Amino acid sequence: MNHNASLSAPPRRARGTVLLGLAILGAAGALFVLRRPLMMSAPRCMAGRWHGCLDTFNGVVLMTLVTLPLAVLVAWALARGRRADAGTSAWRMSLAEVGMVHGTVPFVWMTMMPGGGAGTVPARVSLVPLRDLVTMGPLGIGGNLLVFAALGFFAPMRWAAPASVPRILALGAGCSVLVESAQYALQLDRVSSVDDVLVNAAGAALAGLASRRWWRTTPQAPSRASGVSASPHASATGRAA
C-alpha cells in the first residue's frame with residue numbers, strides 16, 4: 001500500500017505543476033493583451049483621480065491587479081489568526097473569504113457603472129431568454145461569465161451549505177437578479193436582461209465545478225469520534241450487566 005501511494009504522489013505533483021504553469025501562462029497572456037489599455041489608465045489611477053480610473057473598465061481592472069498583493073497579505077493574516085482554531089483548513093477558509101471579495105467586487109462595480117444617459121434614459125428590461133446573447137458578442141459573454149465566477153468558486157470552499165451545483169447556480173442567479181434590479185431601479189442606462197442572469201449564473205456554476213475537489217462538506221469526523229468513544233462505554237455497560 002505504501003508503494004502504491006508513493007507511485008501516485010508524483011503524478012499528482014506533476015499535474016499540480018502543469019496546472020500552475022498553465023495558470024501563470026494564462027495570466028501572462030492576459031496581461032500582454034491588456035497592457036495598452038491598462039497603461040492608458042495607469043497615470044490617472046496612480047495620481048488618485050476618480051475620473052479616468054475607477055469610472056472606467058480599464059482602471060478597475062488595473063486597480064484589481066495592483067491590490068492583488070494586498071489581498072494575499074490579508075488572506076495570510078486571517079489564516080495566521082485562525083490557525084489554532086481551524087487547523088489545516090485555515091488557509092482554505094481565508095483564501096476563500098478574500099477571493100470572494102477581491103474577485104467579485106470589481107466585476108459588480110463595472111456592472112453598476114452608469115451609462116451616458118443615466119438618470120435621463122428610461123429603464124429598459126429584456127425578459128425574452130437568449131435574445132440578447134447575439135448582441136453580447138464573445139467579449140460580453142466572457143465578461144458576464146466572470147461576474148460571479150469568484151463567488152461560485154470560493155463560496156463552497158468556505159461554507160458547506162452552497163456545496164452543490166444547483167445551489168451555486170441558484171446563488172449566482174440570485175445575486176445577478178439583485179444587480180439587474182439595482183440597474184433598473186437606479187436608471188443606470190443599462191438593459192436589465194434575463195440573459196445576463198442566465199450567463200452570470202452559468203459562470204458561477206462552471207467556476208464551482210472547477211473548485212469541486214476543495215469544496216467544504218459537512219464534517220463526519222465528530223460523529224465517528226463520538227461513535228468510537230461511545231462503543232467502549234457501551235461494551236463496559238454490557239459486561240457489567
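Let's start inside helix α6, where alanine 150 has its place. (Helices are DSSP runs of H or I with at least four residues, strands are runs of E with at least two, and both are numbered from the N terminus.) This is a predicted model, so local features need pLDDT of at least 70 and side-chain atom pairs count only at pLDDT 80 or more, while totals for chains, interfaces and linings use all residues. Residues are numbered from 1 along each chain as its sequence is written, and side-chain values use heavy atoms, with hydrogens and water left out.

**Around alanine 150**

Is alanine 150 buried or exposed? Alanine 150 counts as buried because its relative accessibility is 11%. Here, buried means under 20% relative accessible area, exposed means over 50%, and partly exposed is in between (1.4 Å probe, protein chains only). Setting aside residues up to four places away in sequence, alanine 150 touches Gly99, Met100, Gly103, Thr104 and Ala155. Contact here means heavy atoms within 4.5 Å. Take threonine 104: it sits 46 residues from alanine 150 along the chain, yet their C-alpha atoms are separated by 5.9 Å.

**The salt bridges**

Side chains of opposite charge can pair when their charged atoms come close. How many salt bridges does the structure hold? There are 3 salt bridges in the structure, each one being a side-chain nitrogen of Lys or Arg within 4 Å of a carboxyl oxygen of Asp or Glu. Here they are, pair by pair:

| Salt bridge | N to O distance |
|---|---|
| Glutamate 97 and arginine 82 | 3.1 Å |
| Arginine 158 and glutamate 97 | 2.6 Å |
| Arginine 124 and aspartate 189 | 2.7 Å |

Glutamate 97 pairs with arginine 82, and this pair links distant parts of the chain, with glutamate 97 in helix α4 and arginine 82 in helix α3, 15 residues apart. Arginine 82 counts as buried because its relative accessibility is 19%.

Arginine 158 also meets glutamate 97 in a salt bridge. That pair links distant parts of the chain too: arginine 158 is in helix α6 (residues 149-158) and glutamate 97 is in helix α4, 61 residues apart. With a relative accessible area of 13%, arginine 158 is buried.

Then there is arginine 124 with aspartate 189. Which residues end up in one network through shared partners? They are Arg82, Glu97 and Arg158.

**Two buried serines**

Serine 94 is found in helix α4, and its relative accessible area of 0% is why it is called buried. The side chain of serine 94 makes a polar contact of 3.0 Å with the side chain of arginine 82. A polar contact is a pair of N or O atoms within 3.5 Å; within protein, one must be able to donate a hydrogen and the other to accept it, and residues adjacent in sequence count only if both atoms are side-chain atoms. Beyond its neighbours within four places in sequence, serine 94 is in contact with Ala75, Leu78, Ala79 and Arg82.

Serine 126 lies in strand β1 (residues 124-126) and is buried as well, at 3% relative accessible area. Its side chain joins that of arginine 131 in a polar contact of 3.1 Å. Among the residues that serine 126 touches, not counting those up to four places away, are Asp132, Val191 and Ser193.

**One disulfide**

A disulfide is a covalent bond between the sulfur atoms of two cysteines. A search of the whole structure for such pairs (cysteine sulfur atoms within 2.5 Å) finds 1 disulfide. Which cysteines does the disulfide join? It joins cysteine 45 to cysteine 53, at 2.1 Å from S to S. The link is right-handed, with 110° about the S-S bond, and both cysteine 45 and cysteine 53 are buried.

**A nonpolar patch on the surface**

Finally, Leu70, Leu73, Val74, Trp76, Leu78, Trp91 and Leu95 form a nonpolar surface patch, with about 620 Å² of accessible area together. The elements giving two or more residues to the patch are α3 (68-86) and α4 (90-111), and α3 supplies the largest share, 5 residues. Patches are made of residues with over 30% relative accessible area and no salt bridge, joining like charges within 9 Å and nonpolar side chains (Val, Leu, Ile, Met, Phe, Trp, Tyr) within 5 Å. Accessible areas come from the Shrake-Rupley method with a 1.4 Å probe, and for residues only the protein chains shown count as cover. One member, valine 74 in helix α3, is partly exposed at 38% relative accessible area.
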